[in-house]
Amino acid sequence: MTLADGLKAAALLFVAAIVQVSIFSQVDILGGVPQLVLVVLVAVSLLRGSVAGATAGFFAGLVVDTATLGQLGLTSLVLTVSGYCIGRYGETTGRDRAHAPYLSVAVVTFLFAFGVLIVHFMLGERAPAGAVMRGVWPTVVLNLILTGPAYALVRRLLRPRERADYATEVQLLG
Amino acid sequence: MAPPNRSGRVAVLGSSLQRSKPNPYPSKARSAMVRRAVLAILVVVALAMLTISFRSPTSGVLHDAQSYGASALRPFEVAATRVARPFRDGYNYVTSLTSAKSELKKYKKMAQDYRAEALRNAAAAQQNDDLQALLRYESGPRYPQDYRAVNTAVISFPSGPFAQQLVIDVGTKQGVRLNTPIVSADGLVGRVTNPGRSTSVVTLLTDPDSAVPARDLKTHVSGLIRHGQGGTLILDRVAKNQVVNKGDWIVTRGTVDRRYPDEYPYGIPIGRVISVGTSDIASFLTVQIQPLAQLDSLDSVAALIPTKHRSHP
């Protein structure tokens with residue numbers, strides 16, 4: 001990942017985080033809240049790999065936690081792991097798959113929701129699993145709606161990597 | 001005899017195309033160890049921040065740094081909120097058109113009732129002031145005359161099932177402190193639970209951890225306002241032998257015992273009783289309250305900063 005790519009990704013995630021905490025967080029449709037920052041993180045991770053994904057997740061979480069004066073590190077922790085996992089998927093079996101962004105967003109929305117739930121539970125705070133379960137389905141749908149345009153925008157700004165940059169542990173045949 | 005450089009594709013598909021030789025991947029240099037090390041470092045840093053933040057959520061170096069960071073991000077949040085506001089207003093306008101006519105009729109009737117009630121209340125308040133002056137009645141700050149309202153915008157809505165909170169555009173620089181009451185034009189909204197330098201976190205009445213001592217304005221029955229189902233509130237801890245009627249106004253109770261001063265002054269409107277129920281097995285009445293403040297669509301609120309401090313004997 002070049003410096004220019006890093007700056008572009010940082011700017012994208014910064015804008016996504018600000019839009020998330022200022023606008024999207026008050027959009028409540030059937031109990032679901034669209035998570036733009038998660039969708040953009042998935043796009044960056046798929047296009048730039050696990051290390052970039054983890055770093056991007058950490059940065060995005062830091063911005064969200066700082067802007068909301070929330071518990072610093074909570075969102076960073078979950079987004080770092082999410083970014084890394086999606087990055088690995090993008091580096092290996094998910095590369096060149098048209099459905100990869102949608103599948104990744106759907107999976108990571110669940111992972112993020114339950115990751116935050118687990119962290120709250122571990123901290124001894126209120127962890128309403130029922131409410132999380134009810135809200136996660138509409139959130140997945142809303143995130144999937146955002147995925148198309150968000151991924152196209154990120155892909156436009158961060159051109160897909162050369163095939164040579166991908167991991168070599170897994171190779172696609174055919 | 002098969003050529004020595006045949007590929008799997010040739011064998012399976014019978015194609016004459018040969019798979020290209022793998023390129024020398026630059027990523028080979030980036031070992032899995034480095035990748036995992038980066039992940040581990042980031043996770044450890046996040047955990048460290050989380051631990052420190054959890055142990056001292058409203059003070060300390062990390063909180064100060066976060067507060068400065070929030071101040072730096074504030075212009076961006078305000079800008080984003082302003083950009084979104086016309087769209088929100090447009091949406092609200094369209095949705096309110098459907099019920100505007102029936103609501104107008106209802107509010108005209110309510111305005112007539114309230115006008116008459118306001119006259120009675122003004123007379124009673126005047127009499128109350130006179131009697132307090134005669135008795136040299138000592139009290140803490142009274143709402144609203146002993147409070148300075150710092151009006152501010154809502155700049156962020158950290159929603160979700162974990163906390164009912166929002167972020168406002170004022171902080172300790174403007175006099176906001178921990179537990180400062182926050183009101184809207186309609187009624188009580190919540191209290192400040194994390195004051196930053198120029199932004200603060202407000203925990204709403206609908207937060208599961210929120211509990212506000214309140215009383216029925218008409219029957220003087222006291223209870224605790226807690227969160228209820230579907231964005232409503234309940235007046236909890238009301239004994240079955242107490243009387244609460246549908247339509248009664250509920251306000252903050254204020255300080256009853258000077259040793260345990262309440263965070264909220266007496267008389268901030270909270271909501272109206274929409275139902276009163278009971279069951280054989282429950283120890284208390286089930287009093288459901290409709291909050292006056294529109295807690296899910298707040299654009300601006302006011303922080304109540306006391307201008308008068310209680311005199312200690």
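This is a predicted model: local features need pLDDT of at least 70, side-chain atom pairs count only at pLDDT 80 or more; totals for chains, interfaces and linings use all residues.
Trainee: At what angle do α2(A) and α5(A) pack?
Mentor: At about 45 degrees, with their axes 9 Å apart. Axes are lines fitted to C-alpha atoms, for helices over the stretch in contact, and angles run from 0 to 180 degrees between N-to-C directions. Helices here are DSSP runs (H or I, at least four residues), numbered from the N terminus.
Trainee: What do we call that arrangement of α2(A) and α5(A)?
Mentor: Oblique. That label covers what is left after under 35 degrees (roughly parallel), over 145 (roughly antiparallel) and 65 to 115 (roughly perpendicular).
Trainee: Which residues make the contact?
Mentor: Among them are Leu36(A), Val40(A) and Leu47(A) of α2(A), and Leu146(A), Ala150(A) and Arg155(A) of α5(A). Contact means C-beta atoms, placed from the backbone, within 7 Å. By class, the residues are 11 nonpolar, 2 polar and 1 charged. Nonpolar is Ala, Val, Leu, Ile, Met, Phe, Trp, Tyr, Cys and Pro; charged is Asp, Glu, Lys and Arg; polar is the others, Gly among them.
Trainee: New topic. How many residues of chain A are in contact with chain B?
Mentor: 40, against 41 residues of chain B. α2(A) gives the most to that side of chain A, with 7 residues.

Terms used: Residues are numbered from 1 along each chain as its sequence is written. Chains are lettered from A and ligands numbered from 1 in the order in which they are written. Two residues are in contact if their C-beta atoms, placed from the backbone, lie within 7 Å. Helices (H or I, at least four residues) and strands (E, at least two) are DSSP runs, numbered from the N terminus.
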